[in-house]
Amino acid sequence: MLELKDIEQAKKLFEEWDLNRVWHSPAPEFIEHSKKKAKNSLNLAIYLLDKIEKTKELDDNDTVTIWIVTLDYYSMFFEVEYLLGLDGRKLPEGTKDTHKTIYLAFLYYYVIKGSELERKKPKEMTTSRMSKALTLFKTLQDETLELQRVKKSVKDLKTQREQRHALTYKMSRTAEISEAKRSIEKATEFRQLVEEYILSKRR
């Protein structure tokens, strides 16, 4: 869920970055590579889902649905990296917490900047096509990071699953596939929204 504290954090961070020219300039190869990684991540997630639904090839693989959700998130991540690259922005080497930074950059440059959110402290999040895309990104980012935490902490697996409904080997295969499908839907919708935005800017 989007939070007002994220708006304030994004404003503070990127007003400073813009003032101090912290962003690096991306090479055309980096932009093209980000675009390709975004597309390939989503395509691989769709391919894996198709495999688990139509074959028995991955029936013994308890982690395939976790990887589908992770690939969907990375598709979004690389899509934002691509979008920022088109606008001449690339994270500097050594940026801490790149996932949070990419999310906040997306929030700042494509929802806040040029809106009423930039000028005053908002009471609530405004709705636009890009704010909808941002919500999809943040939701899947949270789910993916939670899955990674669960994976690293086997001892707390049961508790984490109950608290956050994360995918685990204890879920039924049907439930896992359902979660994987939902994440693909989110990633696909996100990609469509961002690509429509890119096309509208080129007109």
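This is a predicted model: local features need pLDDT of at least 70, side-chain atom pairs count only at pLDDT 80 or more; totals for chains, interfaces and linings use all residues.
## Salt bridges

A salt bridge is a side-chain nitrogen of Lys or Arg within 4 Å of a carboxyl oxygen of Asp or Glu. The structure holds eight of them.

Residues are numbered from 1 along each chain as its sequence is written, and side-chain values use heavy atoms, with hydrogens and water left out.

## K90 and E93

K90 and E93 join through their side chains, at 3.4 Å from N to O. K90 is buried, at 17%. E93 is exposed, at 65%.

## K181 and E53

K181 pairs with E53 in a salt bridge, and their closest N and O atoms are 2.8 Å apart. K181 sits in helix α8 (residues 173–202) and E53 in helix α2 (residues 28–54), so this pair ties together parts 128 residues apart in sequence. Helices are DSSP runs (H or I, at least four residues), numbered from the N terminus.

Both ends are partly exposed. K181 has a relative accessible area of 36%. E53 has 40%.

## E179 and R182

Helix α8 also holds E179 and R182, three residues apart, about one turn of the helix. They form a salt bridge, with the closest N and O atoms 2.5 Å apart. E179 is partly exposed, at 23% relative accessibility. R182 is partly exposed too, at 39%.

Technical notes. Helices (H or I, at least four residues) and strands (E, at least two) are DSSP runs, numbered from the N terminus. Buried means under 20% relative accessible area, exposed over 50%, partly exposed in between (1.4 Å probe, protein chains only).
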